[in-house]
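Colleague: Could we go through how these two chains meet, one point at a time?

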Amino acid sequence: MRVIVVGAGRVGRSIAANLEQTHEVVVVDRDGDTVEELTYSLDVLAIQGDGTEIGTLQEAGIEQAGLVIACTDNDESNVVICGAAKAAGETFTIARVRRRTLLETWTGSQEAFGVDFMVCMDLLTAQTIFRISGLPAAQDVKMFAGGLVRMVEFGIGPNSPVANSTVSEADQYDSLTFAAIFRDDEMIVATGETDIRAGDRVVVIGSPDSVTGFADDIVCTHDNSTDEVVIVGGSEIGFQTAREFEEHGFHPRLIEQEHDRARECAEKLPNTMVMENDATDAEFLSREHVDEADIVVAALDGDEKNLLVSLLARRLGVDRTVAVIENHEYAELFETVGIDVAVNPREVTAEEIVRFTRTDKTEKIAMVERDRAEVIEIEVSEDSVLTGRQIADATAELPDGVVIGAISRSGELITPRGTTVIQPGDHVVVFVDAAVLDTVSRVI
Amino acid sequence: MGRRLYVDWRAGLALVGTLLALLSIAFVLPILVSLWYGGEDLLEFVVSMVVTAAFGLVLRELDPNPKPGAREAFFVVAFTWLFATLFGALPYILAGTGSIAQPINAIFESMSGFTTTGATVMETISVEEHSHAIMMWRQLTQWLGGMGIIVLAVAILSQLAVGGAQLMEAETPGPGISKLTPHIAETARVLWFAYLGFTVLFIVLLYCLQITGYATEMTLYNAIAHGLTALPTGGFSPEGASIAAFSPVVQWLFVPFMFIAGINFVLWWHMISGDRWALVRDTEFRFYLGAATLFTLIGTGILFFETTGAGFSDSIESAFRHAAFQIVSMMNSTGYASTDFNNWAGPAQALLLFVMFLGGSTGSTGGGIKMLRWLVILKSLRREVFTSIHPEAVRPVRMNGSVLDEDAIRGIHAFTLLYFVLFFVGILLLAVDTARIGYNIGTIDLVSASIATLGNIGPGFGAVGPMENYASFPWSSKLLMVLYMWLGRLEIFPVLVLLTQAYWRS
């Protein structure tokens with residue numbers, strides 16, 4: 001497949017390097033020197049030009065391209081590039097953006113701007129930070145069908161009311177489907193008789209209400225006050241990270257030095273305690289008991305400052321430190337001197353986009369348990385094995401490890417039952433064991 | 001504001017004239033009532049109508065094409081209310097019966113009507129002493145003042161399409177109006193329709209009670225008269241004994257409608273246009289409901305268990321009914337009485353005095369400090385306590401999920417402080433003035449007179465109790481109370497700025 005990457009910054013370069021073996025990659029950049037340099041360093045075709053212009057895209061071979069990835073440093077340019085690419089040919093478009101509001105506009109009305117998939121760098125970084133923070137209640141939340149369907153994974157504590165019951169006993173919700181249970185390294189596809197035990201991680205798919213209701217019942221035994229999260233720096237990443245923690249029921253603290261930005265963050269984050277101070281002020285940190293935090297995230301602008309804050313936190317006795325690092329050459333060095341995890345926003349974004357290039361028919365995918373399984377959203381076509389049949393019949397033909405989680409038909413959520421008949425044009429959210437993913441995506 | 005160096009009083013007065021001419025149409029109702037009852041006081045009302053309309057039309061000639069700016073909004077609103085009061089007092093003077101025939105008393109009664117206060121200087125409240133038409137006019141002034149004269153004018157006059165929002169802002173109770181629709185006139189119409197709808201519903205229900213035999217006293221005349229004063233949180237009644245003149249069933253029916261009058265009318269619009277849970281989700285409504293419920297329960301307890309004073313220990317129903325009625329009535333500034341609470345025990349009266357400082361909701365017809373302000377004050381005080389523990393914490397104050405501007409919070413603090421200053425100064429001035437003529441009046445009576453007029457509530461305690469009147473005060477005290485009712489209804493600032501030099505110059 002021909003892949004056009006517009007913008008040869010860190011993200012674009014990293015994507016190109018990942019795809020050069022398996023695809024025909026064309027890289028477009030405005031800077032002549034970069035193009036010159038790329039021609040020799042990677043096995044790709046590098047073109048100098050402006051990706052928002054149709055002429056440049058034609059030169060890059062837009063007619064044959066199966067995928068266009070817009071990852072320049074400018075949000076608006078990326079969106080325009082996707083629009084231009086859509087106008088010029090039948091191609092799948094991916095845009096990288098920085099602003100979350102753009103992503104929200106796009107999620108609200110899919111296919112807006114001619115973008116088929118949008119990756120928000122700051123949000124993605126925030127989600128990564130949240131995921132690796134490794135806190136007990138850490139849940140993985142993904143949205144499908146324009147927010148109509150939610151997939152959530154969460155751990156079952158020993159005191160949870162659903163521990164030691166079967167799936168059919170736990171399923172008290174109208175529009176909720178139990179997809180799978182992860183127990184240590186084992187994955188169990190959920191049926192009515194499956195036991196749920198303490199320590200399991202359960203994946204459920206359903207309407208936001210039912211998922212929240214279920215989560216409340218599960219989490220009721222969980223004490224959030226023990227999970228002290230401190231985020232240093234109200235940068236966009238710091239802000240999104242705080243929001244990510246908030247959305248999962250935590251009450252993080254955010255330290256921002258600048259007055260106006262602190263106020264702005266405080267206004268947008270109702271469950272975060274925002275404090276206006278210099279995070280390297282040791283007296284302040286001990287007065288606010290930052291040393292008792294379970295995790296400190298350093299998200300200031302500037303790698304050096306993040307290193308300093310992380311080391312200071314470490315010294316005070318914080319359990320776990322995460323630092324945002326823009327320059328990927330530092331990452332290893334930082335981890336050597338004692339920071340637990342260094343997160344590079346550009347690397348994270350590149351990984352997400354590369355991962356996406358692997359499947360082309362699915363509209364949206366989500367990894368579960370580090371690639372053990374995937375949850376995919378597809379629009380059912382006429383010739384799919386699912387079309388026009390009852391789910392019980394259709395799934396009998398599919399390999400084991402496939403669960404139909406939810407169906408969205410013209411904006412309405414339908415909870416799949418054995419007798420539900422799927423129609424062409426329905427959006428189906430399916431949980432698939434990674435082992436059978438290729439077989440499944442061929443037939444549905 | 002720097003552009004205008006002086007107030008364009010011509011344009012302002014011309015607009016006031018237009019509004020006054022419009023208001024003269026309201027005299028049609030008492031004229032019809034008069035015709036129905038054989039023409040008593042007919043000439044007086046026709047004269048009042050003609051004089052008001054003529055004066056309005058003359059004022060209008062001052063500026064044939066008035067373009068009032070932001071600054072004139074205060075002027076227009078304050079003077080519209082003042083002129084409405086003065087011309088609304090004409091029928092009382094012309095009719096010439098009873099204590100309200102004296103000009104100062106007539107103005108007091110008229111201001112008390114338009115501002116929905118419900119304090120009266122009528123010594124004998126009955127349709128025997130005064131004509132049916134006069135008594136109905138008294139009720140109608142409250143209904144006009146409830147949702148607001150300006151809001152009504154904006155709904156009707158296309159001329160006010162542009163400056164209307166500023167005028168409404170200055171008139172509507174509570175901090176800030178929310179424009180529901182792009183056209184301000186439509187917003188004003190929405191509010192008036194909701195108001196009219198509830199009024200008609202209440203009148204119909206009251207009359208149904210009469211037809212079904214639950215309330216023989218509730219004649220069609222009485223049903224309309226009370227319908228016109230319950231929804232504007234007015235409190236006037238053509239019955240001398242207020243709502244105590246009616247059966248318990250009628251009193252029970254009053255409670256929900258008085259309560260509704262204190263709810264933000266905008267919420268009904270949201271509910272009609274699809275957001276069915278708008279009311280339940282609204283923080284201010286919950287606070288209002290919670291406060292009313294809590295104080296009703298406390299009041300019921302006091303009335304039931306207190307044996308001194310006129311207790312209701314024989315019947316839990318009557319204790320509950322009077323507590324619910326009186327708490328709602330005094331809290332949202334209505335001022336009806338289901339019983340003479342002057343005879344209540346001290347603790348029960350103290351409870352009523354306390355709720356007089358609460359007020360209704362913003363965007364309702366209720367007066368007082370209002371629920372939203374109290375909520376903001378409580379929340380911002382809680383923040384003060386929190387930031388004294390964590391000095392670096394940045395904590396915005398939130399209301400209904402959105403962040404409140406710090407300037408708005410400061411404005412609310414200033415308003416409330418000013419309200420209390422006026423309240424205390426009022427006590428002092430009334431005390432000095434009553435002592436001047438040797439009028440012997442109790443402390444609590446003076447305290448309640450100050451808050452009852454400033455808060456547009458009406459009755460207070462003792463000499464100004466629900467079955468008493470304000471007629472014995474000296475003329476100077478009455479003028480002060482007229483000013484207080486005016487200040488209270490327009491929420492102080494629109495009137496107060498007119499008294500500052502900075503408003504008129506530069």
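Modeller: Gladly! This is a predicted model, where local features need pLDDT of at least 70 and side-chain atom pairs count only at pLDDT 80 or more, while totals for chains, interfaces and linings use all residues. Residues are numbered from 1 along each chain as its sequence is written, chains are lettered from A and ligands numbered from 1 in the order in which they are written, and side-chain values use heavy atoms, with hydrogens and water left out.

Colleague: How many residues of chain A are in contact with chain B?

Modeller: Contact means heavy atoms within 4.5 Å. Chain B brings twelve residues to this meeting, and the number on chain A is 15.

Colleague: Which three residues supply 59% of the area that chain B buries against chain A?

Modeller: Buried area is the accessible area (1.4 Å probe) that two parts lose on being put together, summed over both. The two chains bury about 1000 Å², with 53% of it on carbon and sulfur atoms. On the side of chain B, the trio that supplies more than any other three residues is Glu392(B), Val394(B) and Arg398(B).

Colleague: Which residue of chain A forms a salt bridge with Glu392(B)?

Modeller: A salt bridge needs a side-chain nitrogen of Lys or Arg within 4 Å of a carboxyl oxygen of Asp or Glu. Two of these are counted between the chains. In the one with Glu392(B), the closest N and O atoms are 2.7 Å apart, and the partner is Arg287(A).

Colleague: Which residue of chain A stands opposite Ala393(B)?

Modeller: Strands here are DSSP runs (E, at least two residues), numbered from the N terminus, and two of them pair if DSSP finds at least two bridges between them. Strand β16 (residues 273–276) of chain A pairs with β1(B) in the antiparallel sense over two bridges. Opposite Ala393(B) in β1(B) stands Met275(A).

How values were computed:
Helices (H or I, at least four residues) and strands (E, at least two) are DSSP runs, numbered from the N terminus.
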